[in-house]
Each structure stands twice: as structure tokens, then as C-alpha cells.
Amino acid sequence: MNTMRDREQYDAVVLVTPDSFKRLAGQYKYYLKYMPVRCVHILGSSVVGELFDECKGRITEGYDPDRMDFINEDDILPFDDVHEEIRAEMAELLAGRELPRGITGWYYQQFLKLSYACRCQDEYYLIWDGDTFPCCNFSMFSNPQDGSSPRPYLDIKQEYHAEYFETMGRLIPGMEKVIGPSFISEHMLFNKGLVLELIGAIEANDRIPGDIFWRKIIHGVEGARLQDSSFSEYETYGTYVAINHSSAYRLREWHSFRLGAEFFDPDTICERDYEWLGHDFTAISFEKGQEVRFDHQNLFDNPEYQSKLTAAQMLQVVQEEFEEGYKESWGDSTDTNVTSGEFNA
């Protein structure tokens, strides 16, 4: 559940594109309803800022409007600077063609998440993906029963991309995957001091060109690999913490409904659906390009089915028909939506 301690400690930063804002702004009220934070900062381009100003009243209706505001991404890191650096690194491969903005965007949004540490005034900040929404109350800190101090959580799921670890090994020699699960869970509670320490470690690598961490990441990925989305800020930070500051966090298995858009239309999902989902999942994602398939209609959002099965039970049944692609997994045998442990657990 939300605690005043959480609400007094840190803010959330939600990265948003104009397309995702137009598609999902109707879900933003759930940030205010469930986020255990003081304020939610919508981070995006000037176009996102205009869209936010137009509908802030509707988004925050029933909530304190001061708990949500907008930050222009160019005030943190100009997109054009990153675009030009990647264009120069890929010049030979591009052979005079234009660099697709989508390639830059993949890296840019990650650089923004790390760069925010330079302006953060708190010890922590919660980064949250703009296509993902909380389904229930939750805390980002442990609640120990032995009288010890609460510790923040690093949430984990089941995913693996070898190229992320190849890149981090170039950036910080000797750094490699150290736990089985993945730190990619559509959000992360960053410790500002540890982010700055990680940035410093990357910038200290004089074998890679660049005077700023994000330039070194671009050149560390190198040329053709840049188009393969070969860097993860979540995996890099989580691995760095696991190796160098393993007592700073507790691990927690995070249950979220990543393929939410295949079963729920964001234009019709309702409070009842969120409450039902919240018994098993802490968050739901509506990824770009996904839509409710014909054979998934009137299934997860059907109140009759919801009264007989839990969301986890329904998803497990449906996933048995999946022949390929992403599947949600449960590494524990409890009925709660999270379990926790140490890095060596």
C-alpha cells in the first residue's frame, strides 16, 4: 500500500511521445491514483507539452492537479545532439541516407532517464514507461518486520537480450550478467547518487571516444549494432548495483501484464477491469502496434469471466496457445503479486 514515507521521498518521471500521449492519455489518472510518489512529471517534447496543457484538467479531475506537471525533454538533453552523434557514428553504413529518428529515439529515451539524475533534488526518482499504468497500490520500499530500515526494491522479470550485456561489458570492462532474471520491468527506482556513479564509471573508460556518458554509449555500441537496440539502461544500472552495491536494494519479482493491449482496448478499459487486474498484476502495458485480436474480444474484460477466474489464471490458460513471442512467467508459488529477496537469494 502507499505510505506517507514513499510520498515524501521522490517523484515519478514518465517518458511520453506525442503518439503515446494521444493514444493513452485516458489512463494517466491511474498514475495519480496508485503511484506512491509526491509528483508525476510527464517528460516529452514541446508537442507533448502542448497536448498536456490542453487536457490536464481532464487527466487530474478528482486529484490534486499540482501532483502532475510537464518537463520539456530538451531541457534535460536535446534530441538533435543525440541524433547527430548517432548519425556520425553510422555515417559509413548510412552512405548519405537519412538516419531514421526511431533509431535515435530508442537510445535517447534511455539517456534521458539517466540524465535526469543531474537535476533530481531527491535521493531517488522513479522512472516509468509511458505505455504502462499501475493497477493497484504498491510501494517501492520494503517493509521489514525485524526493525531494520526499509530498502528500495529493484524489480525483476524474465527476459534476456545478450547484446545488452555485450555493450555494458564494453562500457565498463568486466561487467557481465550476474543474476538469472532481468531488470527490465517497465520501471525502475533509481538512486541518484548511484546513477551519477555509474555515469562516472562509463565516462572514465578512455578506450571509448566521447566526453559525456551518452556519447560513450553510442560509440561503445558501434556502427551497425546501433540499429539493433543494443543498450539497456535498466539492465546496465541493475547489474552495476548488483556488482558494486548489492546491499543497497532488495530484489522483488514484479508481476505486470505486458501484453495488455492484446486483450484490453485502452479506450474501453474501465475501473472494474483495473481492480480485477490489480489482484494479480501491479501494472498493465499497452505497447505500440498491439491491438485486441478477434479471438481475444469479450474475454478479459468480460465481467462474467472475471467473477470466475483471476487475471493470472486467465492469462496462463491463454498463453498455453502461444507458440512464440513474449510470455508472462511466475517464478514463485504464492498468491501475491510480488516476492522479494537478496541478490544472492
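Predicted model: local features only at pLDDT ≥ 70, side-chain atom pairs only at ≥ 80, totals over all residues.

Trainee: OK, strand S2 then: how many of its residues are buried?

Mentor: In strand S2 (residues 40-44), 5 of its 5 residues are buried, where buried means under 20% relative accessible area, exposed over 50% and partly exposed in between, with a 1.4 Å probe and protein chains only. Strands here are DSSP runs of E with at least two residues, and helices are runs of H or I with at least four, numbered from the N terminus.

Trainee: And which way do the S2 residues point?

Mentor: Val40, Ile42 and Gly44 point one way, whereas His41 and Leu43 point the other way. In a regular strand the side chains alternate between the two faces of the sheet.

Trainee: Which strands pair with S2?

Mentor: Strand S1 (residues 11-15) pairs with S2 in the parallel sense over 4 bridges, and strand S3 (residues 68-72) pairs with S2, also in the parallel sense, over 5 bridges; two strands pair if DSSP finds at least two bridges between them. Ile42 stands opposite Val14, and its bridge partner in S3 is Phe70.

Trainee: Switching to the core, which residues have the most contacts inside the largest one?

Mentor: Those are Phe21, Tyr28, Phe111, Tyr237, Phe264 and Leu277, in a nonpolar core of 106 residues; such a core is a set of buried Ala, Val, Leu, Ile, Met, Phe, Trp, Tyr and Cys residues joined through side-chain atoms within 4.5 Å. Helix H7 (residues 101-115) gives the most to this core, with 6 residues.

Trainee: What is Tyr28 in contact with?

Mentor: Leaving aside neighbours within four places in sequence, the contacts of Tyr28 (heavy atoms within 4.5 Å) include Phe21, Ile42, Met68 and Phe133.

Trainee: What lines the largest pocket?

Mentor: The largest pocket is lined by 39 residues, and Thr17, Gly105, Trp106, Gln109 and Asp131 lie nearest its centre. H7 gives the most to this lining, with 9 residues. On a 1 Å grid over the protein atoms alone, a pocket is an open set of points where a 1.4 Å probe fits, with protein on both sides within 12 Å along at least five of seven lines, and lining residues have an atom within 4 Å of a point.

Trainee: Last topic: is Glu186 buried or exposed?

Mentor: Glu186 counts as buried because its relative accessibility is 7%. Glu186 lies in the loop between helix H8 (162-171) and strand S7 (187-191), and its phi is near 70°, a positive value in a residue other than glycine.

Trainee: And where is Asn298?

Mentor: Asn298 is in the loop between S10 and helix H13 (303-308), with phi near 55°, again a positive value in a residue other than glycine. Asn298 is exposed, because its relative accessible area is 52%.

How values were computed:
Residues numbered from 1 in each chain as written. Heavy atoms only, no water.
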